[in-house]
Amino acid sequence: MLRKLGKASYETASSWRPIALLKTIGKVIEKVMAKRIREAAEARNLLPPSQMGARAERGTDTALELLISMVRTIWHEKKGQVATLLSLDISGAFDTVVHERLIAIIKRLGFPGWVQSWVKSFLSDRSTTLVVNNVESEAFKTKAGVPQGSPLSPILFLLYNEELIRICNQPSLGIHSLGFVDDLNILAYSATTEYITIM
C-alpha cells in the first residue's frame, strides 16, 4: 500500500493506494490475453467510440480534444444553447468490479466460451496480502476487483464499464458521454441549465 499524496490523515483506507505486485511469468500470459481481447473488442466495435484511455490512439490528449470540440460545436452550431458538463470519478473502480457481472458482460458481448472460462479462472481463487509500513497482513480472499498492475485489468475494466458509457450517451436528448478509464464525463446541452437539471 502506498500513501496518496496530500492527504490530511492516513487513518482511513481511502488515503492509501493498493499496488499489486504480481509474478512476472503471469504478467506475460496476461499481456498476451489482454492483447487478444483488446484486438477483438476493437475489431468488433464492442467499446463505445467515446471510451478513452487504455486504447490505441485514445489517450488523454484525444479525450481532451474531443471534449473541447464537443463544447465548441454546441457554442457555434447550437445557437442559444447552454453546455453543462458533469465529471464523475468512479471511486475504487478497479477494486469494485463484480466478477460474476464481468463474466456476464463478456458473454453478452459475444466473446467465445474459452475466453469467458479463462477470465473466470483468472479472477477465481485470488488472495492477497497487504503491506503497510513494512508490516504484512495475513492472506485473505479477494472476492471482487481486477488486480491493479496486471496488463489485463485495463481492458477488462473497459468492458465492464462499456454499458455505462453507452447508457449515458443520448444524443437525441442532447446528452453525450465521454469516458476515460474510470472517469465519466456527461456533457448536456439545452436552452437553459434549468432544463438540463430537470432531465
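Reply: Leu-184 sits in strand β10 (helices, H or I with at least four residues, and strands, E with at least two, are DSSP runs numbered from the N terminus). The model is predicted, so local features need pLDDT of at least 70 and side-chain atom pairs pLDDT 80 or more, while totals for chains, interfaces and linings use all residues. Residues are numbered from 1 along each chain as its sequence is written, and side-chain values use heavy atoms, without hydrogens or water.

With a relative accessibility of 3%, Leu-184 is buried (buried is under 20% relative accessible area, exposed over 50%, partly exposed in between; 1.4 Å probe, protein chains only). Apart from neighbours within four places in sequence, Leu-184 has contacts (heavy atoms within 4.5 Å) with Leu-86, Ser-87, Leu-88, Leu-164, Ile-165, Cys-168, Ser-177, Leu-178 and Gly-179.

Next, the nonpolar cores (buried Ala, Val, Leu, Ile, Met, Phe, Trp, Tyr and Cys joined through side-chain atoms within 4.5 Å). The largest has 28 residues, of which Ile-37, Leu-102, Phe-111 and Val-119 touch the most other members. Two or more residues come from each of α1, α3 (99–108), α4 (113–123) and α5 (153–167), and α5 gives the most, with six. Leu-102 touches Val-97, Val-119, Leu-123, Val-146, Leu-156 and Tyr-160, leaving out residues up to four places away in sequence. Leu-184 belongs to a second, separate core of six residues, which also includes Ile-165, Ile-186 and Ala-188.

The structure has four aromatic pairs (ring centres of Phe, Tyr and Trp, the last by its six-membered ring, within 6.5 Å; planes under 30 degrees apart are stacked, over 60 edge-to-face, the rest tilted). Trp-118 and Phe-122 are stacked, at 5.7 Å centre to centre and 10 degrees between the planes. The two are about one helical turn apart because they lie four residues from each other in helix α4. Trp-118 is partly exposed, with 24% relative accessible area, whereas Phe-122 is buried, with 9%. The rings of Phe-157 and Tyr-160 have centres 6.3 Å apart and planes at 40 degrees, so this pair is tilted. Being three residues apart in helix α5, Phe-157 and Tyr-160 are also separated by about one helical turn.

Two loop residues have a backbone angle to check. Most residues other than glycine have a negative phi. Val-181 has a positive phi near 50 degrees; this residue is in the loop between β9 (175–180) and β10 (183–190) and is buried, at 16% relative accessibility. Glu-57 has a positive phi near 60 degrees; this residue is in the loop between β3 (51–52) and α2 (60–77) and is exposed, at 75%.

Last, the surface. Ile-25, Val-28, Ile-29 and Val-32 form a nonpolar patch with about 380 Å² of accessible area together. Ile-29, in helix α1 (residues 24–43), is partly exposed, with 46% relative accessible area. Accessible areas come from the Shrake-Rupley method with a 1.4 Å probe, and for residues only the protein chains shown count as cover. Patch residues have over 30% relative accessible area and no salt bridge; like charges are joined within 9 Å, nonpolar side chains (Val, Leu, Ile, Met, Phe, Trp, Tyr) within 5 Å. A salt bridge is a side-chain nitrogen of Lys or Arg within 4 Å of a carboxyl oxygen of Asp or Glu.
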